Amino acid sequence: NQNSLQLEPKASDSFTSTGFILAAIGSSVGLGNMWKFPYITGMYGGAAFFLIFILCLALVGLPILLAEMVIGRGGRGNAVSSFHNLSKTKWWGYFGFLSVLSAFAIMGFYAVVAGWTMNYAFTSLTGNLFENPDYTASFLSFAGGNMPIFWTIITLIITCWVVAKGVAGGIEKFNKVLIPGLAVILVILMIRALTLPGAGEGVEFFLMPDFSKLTAESALVALGHAFFSLSLGMGAMLTYGAYTSKKQSLGKAAAAVAGGDLLYAFVAGLIIFPTVFSYGIAPGQGPGLAFMALPAAFAAMPLGNLFGFLFFFLLSIAALTSTVSLVEVPNAYLMERFKWSRAKSATIVTLIIFAISIPASMSMGILSDNLLFGKTFFDLLDFVASNIFLPIGGLVVTLFTGYAWKRAGEEAGLSGFWYNAWMFCLKYIAPIMVIVIFLYSIGIIKF
Ligand code: PFF
């Protein structure tokens with residue numbers, strides 16, 4: 001109903017304006033920035049890839065990010081009910097329900113990887129990590145064992161506790177402490193990495209533009225990553241947007257979040273590549289880069305225990321501020337749908353995620369040969385969420401804001417040039433690009 005939509009949320013259910021920006025940066029900065037961005041940049045053309053990534057962020061990521069925030073604040077509901085509140089047909093909301101499913105799927109594997117980073121932080125500090133210098137073998141035996149389940153539980157308990165404490169008293173407080181803390185650790189590690197002997201070579205590998213590696217595939221990887229990195233297509237930014245005040249400028253907030261996300265990713269690259277190059281470790285290790293290549297560098301470095309701990313602790317924090325936003329999506333939905341208390345809803349969501357994360361974790365070990373559609377359960381969760389649900393979710397947001405809901409510009413506080421530019425991206429550029437990545441990632445088009 002229109003009147004209640006104008007209301008501001010209760011103070012305990014709303015963010016302050018800095019709190020909102022920090023929480024949204026917390027959602028976007030995660031394992032995507034610290035672990036995935038550096039290795040895909042190294043693989044797909046260094047600075048050339050980086051430029052394409054910036055373009056994708058600006059032309060597709062930022063417009064959708066703003067659209068999600070605006071739908072959340074305009075509809076003042078969750079990933080499903082915000083659409084219901086703003087539109088006469090129920091269809092948009094049914095698609096919004098996919099976001100709730102994506103959150104479970106993403107959390108199912110993301111919580112496992114977050115758990116790995118905690119284990120690595122802990123064992124760097126105690127020195128156990130450095131006992132067996134075959135880091136590839138020790139990673140594989142660790143990930144295939146039972147220990148990750150213990151760390152997944154720790155990740156889920158912390159996340160559930162923060163979400164249960166509420167928007168102002170939990171999510172905002174958590175991000176207000178951790179996001180600035182993350183920046184401090186990042187700067188310490190960057191200085192350490194850039195002053196290692198031979199660091200320049202790593203910087204060169206990371207940033208030397210190699211336009212010959214720039215293929216259609218690398219552009220699609222950049223676009224897909226811009227999406228995941230900004231936490232788009234699954235209602236996280238929409239859900240957070242519902243907790244902001246009408247006074248907040250969402251355009252500025254969206255720009256700050258996209259800029260922050262880019263900066264954290266860039267600095268992560270300036271830490272990882274100089275470190276591996278300085279110790280003569282091959283950088284082309286893909287996903288294993290952080291867990292298999294870096295420990296060797298920390299082992300060789302003076303005070304390596306401490307730097308190793310700081311690095312993996314940084315990854316854990318970045319992951320936790322993202323898991324909080326992932327859990328808040330189904331949490332907000334179930335609270336409203338079934339009139340559950342926040343604590344009850346958060347606990348139920350956490351238990352469901354825990355049940356999904358056990359087979360995900362075991363996919364690295366005893367379930368590694370149990371394939372569904374040719375993928376392990378872990379990879380299947382990632383594939384279905386990142387390549388199918390997120391693009392559909394993103395498409396729903398662009399089409400709804402670009403074509404169906406006429407008051408988006410008013411809610412965003414945009415008019416004139418910026419409004420037209422935003423609408424142009426939402427109506428034409430973003431949907432076409434999203435459809436192309438979708439068709440590519442499910443194998444319908446090939447390059
Ligand atoms: N943006 C996070 C990252 O880059 O690690 C991942 C993520 C968090 C995706 C929250 C989606 C989401 F809703």
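Let's start with Pro295, which sits in helix α14, residues 289–300. Keep in mind that this is a predicted model.

- Setting aside residues up to four places away in sequence, Pro295 touches Leu129, Phe130, Tyr135 and Gly308.
- Leu196 is 99 residues away from Pro295 along the chain, and the C-alpha atoms of the two are separated by 15 Å.
- Most of α14 is covered, with 9 of its 12 residues buried; among them are Leu289, Phe291, Leu294 and Phe298.
- What lies over those buried residues of α14? The cover includes α3, α6 (91–126), α7 (135–143), α13 (250–278) and α15.

- As background, most residues other than glycine have a negative phi.
- Is Leu303 buried or exposed? Leu303 is exposed, because it has 11 other C-beta atoms within 10 Å and the cut-off for exposed is 12 or fewer.
- At the loop between α15 and α16 (342–362) you'll find Lys339, which isn't a glycine but has a positive phi of about 55°.
- Lys339 has 9 C-beta neighbours inside 10 Å, so it counts as exposed too.

**Helix α3**

- α3 has 13 residues and reaches 17 Å from its first C-alpha to its last, close to the 18 Å expected at 1.5 Å a residue.
- Where does α3 bend? The bend is at Phe37, by about 40°, and a proline, Pro38, follows within four residues.
- α3 is mostly covered, with 11 of its 13 residues buried, including Met34, Trp35, Lys36 and Tyr39.
- Just after α3 comes Gly45, whose phi is positive at about 120°.

**Around the ligand**

- The ligand is surrounded by 15 residues, and the closest are Gly30, Gly32, Ser231, Ala236 and Ser322.
- One of those closest residues, Gly32, is also on the list of buried residues in α3.
- Four helices each supply at least two residues of this shell: α2 (17–28), α3 (31–43), α11 (216–229) and α15 (304–338).
- What kinds of residues make up the shell? There are 6 nonpolar, 9 polar and no charged ones.

**The nonpolar core**

- The largest nonpolar core has 157 residues, and those with the most contacts inside it are Leu65, Leu66, Leu223 and Leu314.
- α15 gives the most to this core, with 19 residues.
- Beyond its neighbours within four places in sequence, Leu314 is in contact with Met34, Leu182, Ile185, Leu186 and Leu189.
- Met34, one of those contacts of Leu314, is among the buried residues of α3.

Definitions and conventions:
Residues numbered from 1 in each chain as written. Predicted model: local features only at pLDDT ≥ 70, side-chain atom pairs only at ≥ 80, totals over all residues. Near = placed C-beta within 6 Å. Nonpolar A, V, L, I, M, F, W, Y, C, P; charged D, E, K, R; others polar. Expected span 1.5 Å × (residues − 1). Bend = angle between axes of the 7 residues up to and from the residue. Buried ≥ 20, exposed ≤ 12 C-beta atoms within 10 Å, placed from the backbone. Contact = placed C-beta atoms within 7 Å. Core = buried A, V, L, I, M, F, W, Y, C linked by C-beta atoms within 7 Å.
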